[in-house]
Amino acid sequence: MITITRTEFAFATIDASIHEWNTIKTIVRYCANNYRNTELLYCIPGPEEQRLEKLQSLSEIMDHVWGPPPLEDIYRDQLFLITHCIKETEGKDLPNVDDELHANLVNQVYNLGVYDIFDDDNVSDEQWASWQIERSIHNTKTWIIKLHAKQTDKAGKPYVQHPLRVHMRLQKLFPDAAEDVRHAALLHDVMEDCGITSQDLRERGYSESTIQIVDAVTKRPDDGLSYKQRIEQLALTGPLGAIQVKLCDLLDNTDPERLKAPPREKTKSLSKRYSIAIEILQSRLASSD
C-alpha cells in the first residue's frame, strides 16, 4: 500500500511495496519515453518546452538515484508528476505493467488526495522558515544530480550518491550544522570534478561561507602538498564547516562497500591514509568544543 507523509514545506516521505514501486517506475519511464502519446501534454504545469525535461529527469532519478522505498525528501512537484503519470496512463495497456495493479495504483492515489496533503492552512511561521531552508537544500540536490549525472564511482555506481550520503552523514554527526555547511556538503566535489568555479557558485546565490568551505576541501593538484599535509593544513586553517564536511567525506570513502572496488593493496593503502586523516580532523574538532 502506498503512503505519503508530508515532512517539510514541499517535501514528503513515500512508502510502497517493492512491486508497487517497480511498477510506478515502469509507468514513469513509459511516460518519459512516450510523452506525446499521453495526456500529460495537457496536465503538467509550466512552459511546454520544459515538460518533457521534467519527466525525463524524474525517470532518471527514480531509476538511478533513488533507492527502494521508503523514500524521504521527495519534492512535492515530483509526487504530483508521479501521480499524473499513474492516472493519465490508466487503461493504456502499458508494456510490463499489470493492468489490475495499475488500476489499484490509480485508486490509491485518488484516495490519498496528494494535493490535499500539501494544504498549508495550519502551518506556523516557524515551520515555514524551516521548510524554506529545506527547499533551498533540495534545489542544491537537484543541481548536483545534473552536474554529476554521467559520473560513476570506482564501483561503477552513480557518483552523485556520494555527496548525497555525505550530506546525510553531516546531519547525523552535526545536527546543528548551519544551512551554509549543508549546501557545502552537497557541493564539495563540484569544483574538483565538474569544473564549477567560485564565481559560478556566487552567481547561483550561494553564500561566501558555503563557497569558502567548498574551496577549502577542493584538491589543488599544483599546491605541492602531500595528502597528509593538505589534511593538516585544513585542520589548522580551514573553516570549522570545512573540517566537518571533509570528515564526513572521508567517513563515506572508508565505507567497506566503497573500498571493495580498488585492488586489495590499493584498498589497504587508502584505508590507512583515510584513517590517519580522520584522526587528524576528529582531533581538531574535539579541540574546538
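Of the 289 residues of the protein, 46% count as buried, where buried means under 20% relative accessible area, exposed over 50%, and partly exposed in between, with a 1.4 Å probe and protein chains only. The model is a predicted one, in which local features need pLDDT of at least 70 and side-chain atom pairs count only at pLDDT 80 or more, while totals for chains, interfaces and linings use all residues. Residues are numbered from 1 along each chain as its sequence is written, and side-chain values use heavy atoms, with hydrogens and water left out.

The secondary structure comes to 14 helices and three strands; these are DSSP runs numbered from the N terminus, helices being H or I of at least four residues and strands E of at least two. Along the principal axes, the C-alpha atoms fill a box of roughly 65 × 50 × 35 Å. Among contacts with a separation of 6 or more, 67% come from residues 24 or more positions apart, a contact being heavy atoms within 4.5 Å.

The three strands form an open sheet in the order 1-2-3, with antiparallel pairing; two strands pair if DSSP finds at least two bridges between them. Strand 1 (3-8) and strand 3 (71-75) stand at the edges with a single partner strand each, so one side of each is left without a neighbour in the sheet. Neighbouring strands of this sheet are turned by 35° against each other on average, direction ignored; the axes are lines fitted to C-alpha atoms, for helices over the stretch in contact, and angles run from 0 to 180 degrees between N-to-C directions.

Strand 1 and strand 2 form a hairpin with two residues between them, and their antiparallel pairing runs over five bridges. Within it, Ile4 has Ile14 of strand 2 as its bridge partner.

Helix 1 (residues 18-33) has 16 residues and reaches 22 Å from its first C-alpha to its last, close to the 22 Å expected at 1.5 Å a residue; the expected span is 1.5 Å times one less than the number of residues. Its buried residues include Trp21, Ile24, Val28 and Cys31. What covers the buried residues of helix 1 includes strand 2, helix 2 (48-64), strand 3, helix 3 and helix 4 (99-112).

The largest nonpolar core has 79 residues, and those with the most contacts inside it are Ile24, Leu55, Trp66 and Leu201. A nonpolar core is a set of buried Ala, Val, Leu, Ile, Met, Phe, Trp, Tyr and Cys residues joined through side-chain atoms within 4.5 Å. Not counting residues up to four places away in sequence, Trp66 touches Trp21, Leu58, Ile61, Leu71, Ile74, Gln78 and Ile82. Apart from this core lies another, of six residues, among them Phe9, Ala10, Phe11 and Trp131.

A search of the whole structure finds nine salt bridges, each a side-chain nitrogen of Lys or Arg within 4 Å of a carboxyl oxygen of Asp or Glu. In one of them, Glu134 meets Arg182, the closest N and O atoms being 2.8 Å apart. Glu134 lies in helix 6 (residues 125-147) and Arg182 in helix 8 (residues 179-187), so the pair ties together parts that are 48 residues apart in sequence. Glu134 counts as buried at 15% relative accessibility, and Arg182 is buried with a relative accessible area of 9%.

The side chains of Asp252 and Arg165 meet at 2.7 Å, N to O. Asp252 lies in helix 13 (residues 240-253) and Arg165 in helix 7 (residues 161-173), so this pair ties together parts that are 87 residues apart in sequence. Asp252 counts as buried at 1% relative accessibility, whereas Arg165 counts as partly exposed at 28%. Asp249 and Lys246 form a salt bridge of 3.1 Å, N to O; being three residues apart in helix 13, they are separated by about one helical turn. Both Asp249 and Lys246 are buried. Gln244 is also found in helix 13 and is buried, with a relative accessible area of 12%. Gln244 touches Leu170, Phe174, Val181 and Leu285, not counting residues up to four places away in sequence.
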